[in-house]
Amino acid sequence: MGCYDELKAIVGRDQPDMVATDTVCSQMIRHWCEAMEDANPLYTDPEYADKCKYGSIIAPPTMIWSWVIPPLWPPTEPPKIWEEILRACAHGGFDQIVDTDVEMEFHRPLRPGDRVTAAARLYDVSEEKHTSLGRGHFVTVESAYRNQKNEPVCLQRVTLFIYDAGADDAV
């Protein structure tokens, strides 16, 4: 079975949920805002945020993925979806990755105390493409994020180009 066939075989297949190690917290929100130089008081000023429509500080929406990233230490296995995608691509000699597109649809904000779960699945894969980077496949992963009440928080689609940079037939 070739790389494309391996990838096609996992399109739409349910994967184990990715569960946040930690709850959403004001400290992580503050660190994110410092790194991004985001001064929105809705994220870090409780007095301001309490008077707004959400009634408390909220996490910047773009932090969504950061809540379910596995800890760096101690080492853990990568999420199964990524393990399967990368294994299939490695069989085809594709070992380089570049993000090409991200679509995010937000349904509700995250507040301190929320615990995030993401259900990810391979949404789509292209046939082999030849680009200036090399030959490879465009792979789209869809993640549905929910809070501890099982309420939808965000639907995200990330498209990656997974390719072989050493291919002689790059366009």
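This is a short chat about the packing and contacts in one predicted model.

User: What sort of model is this, and which cut-offs apply?
Analyst: It is predicted: local features need pLDDT of at least 70, side-chain atom pairs count only at pLDDT 80 or more, and totals for chains, interfaces and linings use all residues. Residues are numbered from 1 along each chain as its sequence is written, and side-chain values use heavy atoms, with hydrogens and water left out.

User: How many residues are in the largest nonpolar core?
Analyst: It has 38 residues. Those with the most contacts inside it are Leu7, Ile29, Trp67, Ile85 and Val116. A nonpolar core is a set of buried Ala, Val, Leu, Ile, Met, Phe, Trp, Tyr and Cys residues joined through side-chain atoms within 4.5 Å. Buried means under 20% relative accessible area, exposed over 50%, and partly exposed in between (1.4 Å probe, protein chains only).

User: Which helices and strands each supply at least two residues of this core?
Analyst: Helices H1 (3-10), H2 (26-36), H3 (41-44) and H5 (80-91) do, as do strands S3 (117-125), S5 (135-146) and S6 (152-164). Helices (H or I, at least four residues) and strands (E, at least two) are DSSP runs, numbered from the N terminus.

User: What is Leu7 in contact with?
Analyst: Ile85, Ala88, Cys89, Leu122, Val125, His137 and Val139, leaving aside neighbours within four places in sequence. Contact means heavy atoms within 4.5 Å.

User: Why is the pair Phe161 and Tyr163 stacked?
Analyst: The ring centres of Phe161 and Tyr163 are 5.2 Å apart and the planes are at 10°, so the pair counts as stacked. Phe161 is buried at 2% relative accessibility, and Tyr163 is buried at 10%.

User: Which residues form the aromatic cluster?
Analyst: Phe138, Phe161 and Tyr163 form one cluster.

Notes. Phe/Tyr/Trp six-rings, centres within 6.5 Å; stacked < 30°, edge-to-face > 60°.
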